Amino acid sequence: MERILITLIISALFCLRAEAQKIDLDSAFTELDRAIKLSPEYVAKKQEGIDHLKEKLAAANELRTRFRISHELYEEYLAFSNDSALSYISRCADLARQAGSTALVGECLSEMAFQYSNTGMYDEAAYTLQQVDSTALDRTGRAAFAHAYNHLYSELAYYSHEEPLRQQYRQLARHYEKVLLAEADSNSLWVLQRKEMTYMDEGHTEQSLAFNNQWLKQVKPGSHPYALTTFYRYLEYSLRGDSLQMMYWLTESAVSDVRNAIMDQGSMWELANLLMAQGDIDRAYRYISFAANCATRFGTRLRSWQLSPILTAIDTKYQQYHEHSKQRTRVFLAVLALLSLGLAFSLYDMWRQHKKLRAAHAQVHEQNTQLSTLNYQLSTLNHQLSTTNDYLSEANSVKEEYVGHFMRLCSMYIDKMDAFRKRVNKMVKNHEYEDLYQLTRSQEFRDKELEDLYVSFDSAFLNLFPNFVSDFNALLQPEERITLEEKDRLNTSLRIFALIRLGIDDSSKIADFLNYSVNTIYNYRARIKNGALGDREKFEQQVREIGMPT
């Protein structure tokens, strides 16, 4: 037994350390606020499930089926609507009587009595339990019977003002607790809950937390049992004085209650009470108002009676808080008015001083403006001179390159013409008139010479402007850019704009050089400009600036 307790304590301590690392109260409050905002949707979903069960009950004919569905409706209404829950558990008892099952009748009456005592109807609970034939109960019924009596006497002991009577109720509650522990399954939530409460009452929070860990593993996160489990966890951390953990688990319990459309909002009003004590009046007011609306829908005098003093206290503090805020606001406005008045006098004095300085500054500013204008004009002239020098330097470079190139080209053509003269002279001398006629009649010689001319032009131009093709494509839209089959040869479009780059922009001159019509040259120029990336009217000027120093 000692080994089991040691294992449970170590498990609890491990969980404590793991939880301390991941607690974020701000996120927990954000989740709760979001759940409250979505509460109408959760309530509508809950009501939809209840309506579906009611439809199944109306269609059911078999007694056992009607009992099962009625009991499901009782469980759905248990924390949603007190009157409806009592109505359906009463119907279950009637159906059990029709079936002739005294044990089942007793179990239903025990559940009814528990609901009575849970909502402050202690006389009704005691009267209902007196109607139970305890000798006819099975083990499950005896556990429910003992659970109902234990809860009734625990509640009476808590609210009784007479000490002898309180001690008597506590003794009876302990008696039925022993019966409950003997009759119920050792792993049932009832048993775990009672053992946990026993350890808490004795101040052994390590052991109670160990049982809570076991309980927590058996419930689905976010479910109504999970809300009850986390509420007990809050109580344990409260006994330990761990304010961060207790607030976190109480908030977890409240979130689960809201998401399950629980109208018996114990966790919420307890959380509101703690927040009020901590001075978080706005949040406490929102939460207690929500809990009060839920209690009204649940329909019990006990919850309204429990909430009333808390709601009144929070409302009083809320009003005091806002009145204090108003007073602070009035003081702040008064101070602000005095500061504004002082600022106004300061500004007036500054304006007078500024007025004196402005006259002196105006004269200096005028002189500075004139000097700045002269500097700007000088800078502009220097820039223009520099640009002109760059143009002249580039023009001289291009001129020298092309003069040398075309001198070599002219020399080569003189040699070719002399060779052609000698060939013609020989053919005339040999009377080869027909061959001479065919030679002079063919365009082959002319075409070859033109091709050689263009090859020479391309080579010379790309030598002068090696980045011309890439710079030219950068001025075009992506789909209009030109890809050359041979990197050292230009196509017709590029030759046209190469000539424009060299300063030859007359379409007739370009047409003569490239052996095209003027109209064809115009169409080439227009088509390329239509694919320009920027303003087509500035395109040719941008081409003329390719390769120029910046």
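Predicted model: local features only at pLDDT ≥ 70, side-chain atom pairs only at ≥ 80, totals over all residues.
Tutor: Patches are made of residues with over 30% relative accessible area and no salt bridge, with like charges joined within 9 Å and nonpolar side chains (Val, Leu, Ile, Met, Phe, Trp, Tyr) within 5 Å. A salt bridge is a side-chain nitrogen of Lys or Arg within 4 Å of a carboxyl oxygen of Asp or Glu. Accessible areas come from the Shrake-Rupley method with a 1.4 Å probe, and for residues only the protein chains shown count as cover.

Student: Which residues form a nonpolar patch on the surface?
Tutor: Leu 343, Leu 347 and Met 350 do, with about 310 Å² of accessible area together. Residues are numbered from 1 along each chain as its sequence is written, and side-chain values use heavy atoms, leaving out hydrogens and water.

Student: What is the mean pLDDT of the protein chain?
Tutor: The mean is 81, and 79% of the residues reach 70 or more. Over residues 1–21, however, pLDDT stays under 50.

Student: Why does Met 350 count as exposed?
Tutor: Because its relative accessibility is 53%, and exposed means over 50%, buried under 20% and partly exposed in between (1.4 Å probe, protein chains only).

Student: And Arg 68, what is its relative accessible area?
Tutor: The value is 40%, so Arg 68 is partly exposed. Arg 68 lies 9.8 Å from Leu 95, C-alpha to C-alpha, though 27 residues separate them in sequence.

Definitions and conventions
pLDDT = per-residue confidence, 0-100. Contact = heavy atoms within 4.5 Å.
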